[in-house]
Every structure is written in C-alpha cells, then in structure tokens.
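Hi,

Here is the structure I promised to pass along.

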Amino acid sequence: MPLFLDSLTQLLQWQTMASLLAVVMMGLLFGALPGLNATMAVAILLPITVLFDQSTGLALLVAAYVSGVSGGLVSATLLRIPGTPSSIATTFDAYPLAQRGLAVKALGTGMLASFSGGVISLLILVFFAPVVAGLALAFGPFEYAALAALALAMVGVMSGDNMVKGLLAALLGMALSFVGFAPIDGAPRFGFGLGELNAGIGMLPFMVGLFALPQLMREIIRLPPARKLDLKLSGMGVTLREIRQNLLTLFRSALIGTGIGVLPGIGGAASNLVAYAVAKKSSKEESSFGQGNVAGIWASESANNASIGGALLPLLALGIPGDGVTAMLIGGFEIHGLQPGPMLFLNTPDVIYAIYAAFLITAIIVLVLQFSTLRLFPRILLIPRHYLVPVLIVLTAVGAYAAEFRFFDLWVMLGVGMLGFFLERYRFPLAPVVLGFVMGPLLEENLRRALVLTKGDMSPFLTRPYAALFSITILLLFAFGLWKFLSRKGKT
Amino acid sequence: MGVRILAGILLLMAGILVFTAPALQLEDSLGDPGPALLPRIAGICMAALSLILFLQTPQQPEDADEVLEKRPVIVLSLLAIPLYYLAFQWLGYTLATALYLFAAFCLLGGRQPMLRFRYGLVAAAFSLASGLIFARLLNLPLPGVLP
C-alpha cells in the first residue's frame, strides 16, 4: 500500500500529470477515429517513453492503452463505426439509442461502464498478479520454454478463423526474431552479409512497422469521404435506477472481459462480443437488444475495458503478453532495461505499482475528460484524414529512427509495414506475428538453457509438474485446433 | 491468387530457415542444441503450413473487404513514404517533413490554389514546430532540425 501511494504521488506531480493528460487525449483520439486504435497509439508513443524514467515511461504506455480502448465508444455510438474492434458490440445498442436522440445517455452509459469495467479488472489484477508471480518464481527454463510454446500455440490456434494462417503468422514472427545474434552463444544468424541486420530487427521499428504503417497505408488507399455528424446531443444521461438494474451485467461482463483478456491473442476484440451475447441471453428483454437497450452498452463497454487488466496479468506476472498491445509493452519494458515477469515484483515493485496507479488515474481522467467534453469531444471525428494520415506517417518515422538513431530502421519499418499490409489484406491475424517475434527469443533461450542443464534430456517436460501441465495443454490445444479444422472441412 | 503468392513467399522463407540453419550447428554442444535447432523446427513447420495454405481451396473471399484503388494519386501517395525516408536521410528532418507533408496534403486533399497555400503553411508550421519540440524539448537528436 505505501508503494502504491508513493507511485500515485509521483504520478500526481504536475509534469507527469500533464504528460499523462496529453497521452490520454492522444489515446482517446486514436480510439475514437476509425482506422486508428490503441495498438497504434502505443506503437507511436513507445519511442518517446525513452525520455522518461522507468515508472513514468511505462505508466504513459498503460495510459495510452487504457484510453485507446475507451475512445472507441464515441464513433461506435455516433457513427455506428467501432473506433476499435473492442467496441463492435457497443454499436448494436448505442447507435440506435443515439438515433432516438439519446446520444448523451448512450455515451454516458458507455463511459461509466468503461470506467467500472476497468476498475474491476484492475482490482483483479492487483489481487491475482502477485499470486501468479509467486507461483512463477518456482519456474525454471523447462517451465518457461513450455509456457512460451503454449502462448504461441494458443495465439496461433485461437486467433482468427483460420488456424493455418494463425500458426503461420506466429511462426513468421518467430522467424524474424531469429535475425541477429542467437541467445546463449551470440552466433550471428540470417544477416546475409548486411552489417546492420546482424544486430537484429529492432523491436520498435518492428512494432511500429507492423501495427501503424499497414493501417496508414490502408487509410491512404481508401481515404473516406468527409463525414457528416449530428452533434445536437440531447438526452437524460444515466439514472441511478439504471445503474442498479445493470450491476449484475456489469460485474459479469467485467469478469468475462478479464478472463478473456488473460488468454493470449484473444483480448478485447472478442470479450465485448462474448459479454454482449451473455447479457442478451440472460436478459428478460432479449428482443430489445439491438434496438437501444442500455444493458448491451453496459456489457460491451465494461468487458472491453476489463480485458485490459486481464491482458496485463500474464504480462506482469509471467512476462507473457496477452495481446498485441501488451506485446508492445514488452518493448517498453526492454527500452527501460526491464524484463516483465515474477522477478519484477521482487526487484522493481515500484514499476508494478506505477502501472497500477497509471491504470487507475487514466480510468479517472478518461471518465472526467469524456464527461466534461461530451458535446465537444465527438468533433474530433471531423478531423480531415488528408491532414491526419501524413502527420502520423511522419511521427512513425521519427519513432522508428529515434529508437537507435539508425536510418536503416526506417527501411526495416517499411519492409515490416509492407509485410503487415499484405498479411492483413489476405486475412492473416497480426497479433500472432508480434507475439511470435517477442516470444521466439524467450522460447529459444529457455529451451537451450534447459537442455544444457539436463545434457539434452527432454523428459523434464513431462516429469516436472508445471512443465508437464503446459506441455499437455499444448497437445490438447492442437487436438482441438485439428478437430475444428477437420470439422469445418467436413461441413464444406 | 494473392494468398497463394504469399504462401509461396512464406515457403521460400521456410526454405531459407531449413537449409541455411545447419551451417550454424555446434560441434561440441554439451546438450545445447545450438542456434540452428529452433530455426530448423520453425522452418519445417512453416513449410508444412505454407503448403497446406497453398493447396487449401479458399473458403471465403481471399481479399480484405475493400477494393484497392489504383488511381495514380494513391500510388504516388504510397510512393511518397519511401521517398520521405530517403529525404529524411539526405535533407534532414525539417526540410524533408515540410516537403513530404505538402506533397501528401496536395495528393490526398483538394486541388484549389487557396487550399494548396493552406497546405504549404500547415506543412511548414508543423515541420518547424515539431522539429523544435523533438530536438529542444524532448532532446531527440534528429538530423537537420531547423532553425
């Protein structure tokens, strides 16, 4: 508790608060504008955090993540376009409500639900992360190798509707992580005589290239026409009775969101849809869902924000990212010379508490900022894209260059960006690529270390309890994936 | 068709992993599988999955939802990105950014002379102001920041 209060006090200093406020506004903007998202906000912010100390830098990244997810509500409500995939289910009821002249009610409900869902998942994170980290302290290289393989298998098998593409994407990310010096012995690999490639593909140009550039290229290609927006917002806002009536939906959806957020590769994009479906099924007014039932907004918005706490749990406790954004947060940790995982709780607990504090402060700032600019904020949807896209391309270039001040990284970013563009175009999920890139070295280092310890004996993968649990889960996962693949093939 | 070309590229990458990795094999390893093991495993898995993808009949439309626009303006706007990176290297941040932004605004926005004048102003103001913020306020040593 004293550490949490210290972190809170540190973040409440005016310089840090000013940075936090700027980042929250940026995150909300990225979340609200269709085509941009939280992942991109974190990607663009990542290099800038070098300028801050460890705790503040990571706090800013978490702020961009939380506000980026929260911002999707605005365009989902007013334009029926989910600003981020996390807000798809929000459009189902928020838009019809806004169309009935109750936009303030829809937005207000969404804001409260986002805040509550985020805070519930933060409490779960604060309670469970140290417990999981405590268990992980007993992990050796066998457990870590099996866990890394499990995360990769999970993200490959579970993400997207095509397991082959998901697994290929994860392997592709892993293949790109092989470029440069190998772990353990530092053997140079796949540099093809290029001195700069021998140093490996930088985390920042890779992340920014994969998540920001393809999206910006797509925005150039399908530059949308100017939007018309009815900003004559009116309505009653949220009533206490509605809050009371939707408490169960709120808690249930927050739990669903947190649970789904923990699973690698699924995250907010699925959690809001699952929570919405559960809320609809368990409601007595099932038929009113999709026509402006506030319970639908409570379910979707609380679940998508709750998935943030879920995704942060395996990242902080095990060093395993839960989704694309948390994979990028690993880059943030690396920039500051930190390795997420159980040792973080022992060696630098101040960083952990700074992340908790940033999560809480951001949730409050987002709530206050969104409520106070309820009639003003939606105007950001009118920013002309022909200004926004080129400016963002400039910022990504500065970010990639500033990581190590190498011009070569600009070309790496462009190459990865083009790869990402074509992968997305042919429906390959991008999250497995980044998770493969991040998890590849972790898997390789621990696998080699484990085999050195046992002189090549692999049996501990089945004899050590946690390693065996992870290994068996991998096998079950592949069996499930194969069954899914074959049953789909049988149907067609 | 595009998916098959992509599958072919992935297959080629897999081949590189599988066939160049043995050169990395350790001789006296004391149980360490060496730096070649994982690239080889990944390469074999990638090759198998790429082949499945290549042979799989597409069950849904291959392409993403939107139709790619091939108008010269769009192609030029995309080409402007690598040109900006080259200019960034040769001319420095402020000049390259001002030129790129002006060109991109003109390509993606309206074409009236008054608008172009506005684009020029915005491009110059943004590149000067952002350069100063990056270099002076954030201490990022970018090349060619003016003034």
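A contact, as I use the word here, means heavy atoms within 4.5 Å. This is a predicted model, so to speak of local features I required pLDDT of at least 70, and side-chain atom pairs count only at pLDDT 80 or more, while totals for chains, interfaces and linings use all residues. Residues are numbered from 1 along each chain as its sequence is written, chains are lettered from A and ligands numbered from 1 in the order in which they are written, and side-chain values use heavy atoms, with hydrogens and water left out.

**L419(A) and its surroundings**

With that definition in hand, L419(A) touches L172(A) and L176(A), leaving aside residues up to four places away in sequence. L419(A) sits in helix α20 of chain A; helices (H or I, at least four residues) and strands (E, at least two) are DSSP runs, numbered from the N terminus. L419(A) has a relative accessible area of 23%, so it is partly exposed. For that wording, buried means under 20% relative accessible area, exposed means over 50%, and partly exposed is in between (1.4 Å probe, protein chains only).

**Salt bridges**

Another salt bridge joins R406(A) and D409(A), at 2.9 Å from N to O. Here R406(A) is buried, with a relative accessible area of 17%, and D409(A) is buried at 1%.

The side chains of R449(A) and E445(A) also meet in a salt bridge, at 3.1 Å from N to O. These residues are 4 apart in helix α21 (residues 431–453) of chain A, so about one helical turn separates them. R449(A) is partly exposed at 38%, and E445(A) is partly exposed at 29%.

**Two loop residues with positive phi**

Most residues other than glycine have a negative phi. F405(A) has a positive value, near 55°, and is found in the loop between α19 (385–404) and α20 of chain A. R427(A), which is not a glycine either, has a positive phi of about 60°; its place is the loop between α20 and α21 of chain A. F405(A) is partly exposed, at 37% relative accessible area, and R427(A) is partly exposed at 29%.

**A buried threonine**

Is T326(A) buried or exposed? With a relative accessible area of 0%, T326(A) is buried. It lies in helix α16 (residues 324–335) of chain A and touches Y65(A), A311(A), L312(A), L315(A) and P321(A), again not counting residues up to four places away in sequence.

**Where chains A and B meet**

Helix α8 (residues 163–177) of chain A and helix α2 (residues 37–55) of chain B have axes that come within 9 Å and cross at roughly 145°. Axes are lines fitted to C-alpha atoms, for helices over the stretch in contact, and angles run from 0 to 180 degrees between N-to-C directions. Residues making this contact include L167(A), L168(A) and L171(A) from α8(A), and C45(B), M46(B) and L49(B) from α2(B).

**Chain B**

Chain B holds 5 helices and 0 strands. Of its 147 residues, 40% are buried. Among its contacts with a separation of 6 or more, 54% are between residues 24 or more positions apart. Chain B exposes about 8,000 Å², with carbon and sulfur atoms supplying 73% of that area; accessible areas come from the Shrake-Rupley method with a 1.4 Å probe, and for residues only the protein chains shown count as cover.

Happy modelling!

Definitions and conventions:
A salt bridge is a side-chain nitrogen of Lys or Arg within 4 Å of a carboxyl oxygen of Asp or Glu.
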